[in-house]
Amino acid sequence: MDLKLVSLIVAALVVLSHTVQGQVLLPGRCDRQQAAAMSDFDVSQYVGKWYEQYRYFAAFEIGLKCVTAEYSPLPDGTVQVNNKGINSNNGEAKDILGIASIQNPEEPGKLHVVFPEQGAEAELWILRTDYENFSVAYSCRDAPGLNLRFVSAWLLSRTAEGYTADVRAEVDRILLQNNVDVRRFLPVDQQSCPAATLDFLQ
Ligand SMILES: *[C@@H]1O[C@H](CO)[C@@H](O)[C@H](O)[C@H]1NC(C)=O
């Protein structure tokens, strides 16, 4: 086959897989990045509610505002992750339950998350959190057979209002250290959200 045709096919496959996977596709393999999961991550301090402030494009989150993730410990040592969001077009609530576990106690910042209802699973790395203000979460998966990777990243806060300038500066430093491109982040609307009391009615 001539080179032009080969590159055309590769380009078509990349576009196709991008659409299918619905995630940001970037050059280079995951292990070539400087991203490192937090080595002394303590999941017991991480429990409770987190508000998504920024995220990379992800098909399963299209149009979702007011996105939160609530981490609750389960008796068997795993952690339940309850992701909630509101469809910004029709106001419908969306809810996805995941079960997170640490596969290797030497690497506590690397969470394996299973979504039983969706039949899906993901590797979620906590790059850094101070447990009280911010969390930087990241997921990277190599595109099979290509020198490309699918990347997701989330900036989470403990309050809907987001970060103070100090915390934001620290988050920016962490992103830079971990080679996470800040230009890819999309802001998440946490302002026009239903009141917390409505949670009980949904
Ligand atoms: C959270 O942010 C506040 C305000 O910037 C700061 O005073 C506090 O020390 C931070 N918490 C941690 C655990 O760093």
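Me: What makes Asp130, Glu132, Asn133, Thr164, Asp166 and Val167 the surroundings of the ligand?
Reply: A residue is near a molecule if its C-beta atom, placed from the backbone, lies within 6 Å of it. Asp130, Glu132, Asn133, Thr164, Asp166 and Val167 surround the ligand on that basis. Bear in mind that this is a predicted model, where local features need pLDDT of at least 70, side-chain atom pairs count only at pLDDT 80 or more, and totals for chains, interfaces and linings use all residues. Numbering runs from 1 along each chain as its sequence is written.

Me: How do you know how the shell around the ligand divides into nonpolar, polar and charged?
Reply: Ala, Val, Leu, Ile, Met, Phe, Trp, Tyr, Cys and Pro count as nonpolar, Asp, Glu, Lys and Arg as charged, and the others, Gly among them, as polar. The shell comes out as three charged, two polar and one nonpolar.

Me: What makes E2 and E3 a pair?
Reply: Pairing takes at least two DSSP bridges between two strands. E2 (residues 48-55) and E3 (residues 64-73) have four, in the antiparallel sense, including one from Gly48 to Tyr71 in E3. Tyr71 also has a bridge partner in E4, namely Val81.

Notes:
Helices (H or I, at least four residues) and strands (E, at least two) are DSSP runs, numbered from the N terminus.
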